[in-house]
Amino acid sequence: MAFLSAADHVPAAMISASHNPFGDNGIKLFSAGGSKLSDELEERLELELTALSSQGDPRPRPTGAEVGTLARDHQAIGRYRRFLVEDVVPAGSLAGLKVVLDGANGAASELAAGVFEALGATVVAIHVEPDGININEASGSTHPEALQAAVIAHGADVGLAFDGDADRVLAVDGSGALVDGDQIIAICAIDRHERGKLTHDTVVVTVMSNLGFRQGMAARGIHVITTDVGDRYVLEALDEGKHCLGGEQSGHVIFRDLASTGDGMLTGIALLSVMARRARSLAGLAGSAMVRLPQVLVNVRTARRDPELIDKLGPDVATAEARLGDRGRVLLRASGTEPVIRVMVEAPTHEEAAEIAGHLAAVVTSLGA
């Protein structure tokens with residue numbers, strides 16, 4: 001974790017940049033208040049960094065294992081642990097649950113097992129031996145297969161797979177089936193709604209959330225606000241409307257009354273708390289919360305970035321939407337960083353979704369050549 005001052009060109013900005021050359025968490029920039037930077041500020045930084053890169057950097061840069069060592073702030077770690085154990089749910093709330101935790105050899109490795117055990121759960125921990133290089137390696141939320149097998153092998157009630165920096169989590173039910181962010185948000189939203197703790201009876205998600213999520217929320221009188229893709233937009237909508245729960249299909253969930261960003265361990269605690277209080281399996285909760293429609297996503301690379309390309313696809317999209325009616329959904333998005341159009345289709349069957357997505361992808365290819 002490095003701190004970079006951009007005061008000369010970006011007034012009053014203190015940026016925290018997290019980068020791991022081995023894993024896939026990329027670079028993340030935060031303001032002094034702990035929130036993501038605005039689009040405008042990121043664009044300014046991108047322009048300045050691009051300019052610097054084009055001029056060449058004469059300073060030698062370490063790579064691989066020579067990057068450096070990790071410094072720990074034990075006081076901060078202690079405060080964070082006390083928050084998770086004492087402030088999120090009552091002591092002993094997870095008693096009776098057996099959980100497998102996949103730390104992705106990352107940020108959750110040191111604390112996760114102790115936190116969940118302190119809350120009463122019986123814990124089996126895997127991929128909790130980071131060496132600075134093996135983060136996310138065949139583990140965690142990007143590779144949940146090992147966790148799915150471990151849940152079955154240990155006869156656990158549930159499994160939690162964190163990503164490398166532990167801001168996301170995906171779950172696995174007792175049968176080994178994956179439970180994604182949409183389902184986790186749905187379970188927590190319904191639970192809060194029924195206990196009168198879902199502010200304005202509203203939840204915030206992105207355009208990528210499954211249509212089944214929206215249908216499940218509507219059936220329970222829960223209003224859904226939709227934002228563009230990105231947790232920063234979810235947070236903005238939460239703050240603007242003073243709502244308390246939102247997130248992404250990836251498992252990045254924000255409990256705004258408890259934190260200002262996604263936190264995989266916090267999300268996992270909240271999810272397991274619902275299981276314990278309601279004495280229900282994760283499979284039962286997920287199945288009653290929503291029915292997930294098959295979703296097909298195709299990334300189509302074009303010859304160049306063309307802001308008007310999606311508009312040109314209007315007639316073909318309209319035809320696909322008319323075919324699906326209220327049985328499914330079509331979404332086309334242009335990548336903000338590369339010449340790629342993302343085609344997403346949801347339909348009652350995977351075959352129909354794949355057929356429509358394939359047709360639209362072919363049209364994108366022909367128009368974007």
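Me: What should I keep in mind about the model?

Reply: Residues are numbered from 1 along each chain as its sequence is written, and side-chain values use heavy atoms, leaving out hydrogens and water. As the model is predicted, local features need pLDDT of at least 70 and side-chain atom pairs count only at pLDDT 80 or more, while totals for chains, interfaces and linings use all residues.

Me: Is Thr-202 buried or exposed?

Reply: Buried means under 20% relative accessible area, exposed over 50%, and partly exposed in between (1.4 Å probe, protein chains only). Thr-202 counts as buried because its relative accessibility is 4%. Contact means heavy atoms within 4.5 Å; not counting residues up to four places away in sequence, Thr-202 touches His-223, Ile-225, His-243 and Leu-245.

Me: Which residues touch the most other members of the largest nonpolar core?

Reply: In soluble globular proteins, nonpolar side chains tend to be buried together. A nonpolar core is a set of buried Ala, Val, Leu, Ile, Met, Phe, Trp, Tyr and Cys residues joined through side-chain atoms within 4.5 Å. Here the largest has 56 residues, and Phe-116, Leu-160 and Leu-245 touch the most other members. Apart from this core lies another, of 20 residues, including Val-296 and Val-300.

Me: How should I read Arg-323, buried or partly exposed?

Reply: Arg-323 is partly exposed because its relative accessible area is 41%. Leaving aside neighbours within four places in sequence, Arg-323 is in contact with Glu-352, Glu-355 and Ile-356.
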